[in-house]
Amino acid sequence: MILHYRKYGEGNPNLVILHGLYGASDNWISIARKLENHYTIWLPDLRNHGSSPHLPTHTYRDLVQDVADFFQQHELNEVILLGHSMGGKVAMLLASEYPEYIRHLVVVDIA
């Protein structure tokens, strides 16, 4: 799976933000622009959202694998991972299954 994404800044560390259900990477552009002097910010569109591929399956396991693949494709590790709503659930599951990728985990507004 190749996820569509937006990238802002050139700082260290990397900050990856996962949007919520029915959201997309563009929901986080204003925040990314405020933080781009301090971090490299990655805003992927999760599967079946935004400009990423739309496929028949949409499980949390699918989403976690997609994000893990995204990290591998972009050689990301020890990231600050922020997940909002559905993205927060993806972030928590990813952190439990792939702790080597996560430096810090922030979960915002999940059900």
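These legends accompany views of a predicted model.

**View 1. Fold and order of elements.** The protein carries 3 helices and 5 strands. Read from the N terminus, the order is β-β-α-β-α-β-α-β. Among contacts between residues at least 6 apart in sequence, 71% join residues at least 24 apart.

**View 2. Overall dimensions.** The C-alpha trace spans about 40 × 30 × 25 Å along its principal axes. For 111 residues, a compact globule would have a radius of gyration near 13 Å; the protein has 12 Å, which agrees.

**View 3. Burial and surface.** Of the 111 residues, 48% are buried.

**View 4. Charged side chains.** The protein has 8 positive side chains and 12 negative ones. The centres of the two sets lie 6 Å apart.

**View 5. Helix α3 along its length.** Helix α3 covers residues 86–97, 12 residues in total. From first C-alpha to last, α3 reaches 17 Å. That is close to the 16 Å expected at 1.5 Å a residue.

**View 6. The buried residues of α3.** Met86, Gly87 and Gly88 of α3 are buried. Further along the helix, Val90, Ala91, Leu94 and Ala95 are buried too. Buried here means under 20% relative accessible area.

Conventions
Residues are numbered from 1 along each chain as its sequence is written. This is a predicted model: local features need pLDDT of at least 70, side-chain atom pairs count only at pLDDT 80 or more; totals for chains, interfaces and linings use all residues. Side-chain values use heavy atoms; hydrogens and water are left out. Helices (H or I, at least four residues) and strands (E, at least two) are DSSP runs, numbered from the N terminus. The radius of gyration is taken over C-alpha atoms; the globule rule is 2.2 Å times the number of residues to the power 0.38. Buried means under 20% relative accessible area, exposed over 50%, partly exposed in between (1.4 Å probe, protein chains only). Contact means heavy atoms within 4.5 Å. Lys and Arg count as positive and Asp and Glu as negative; His and the chain ends are not counted. The place of a charge is taken as NZ of Lys, CZ of Arg, CG of Asp or CD of Glu. The expected span of a helix is 1.5 Å times one less than its number of residues.
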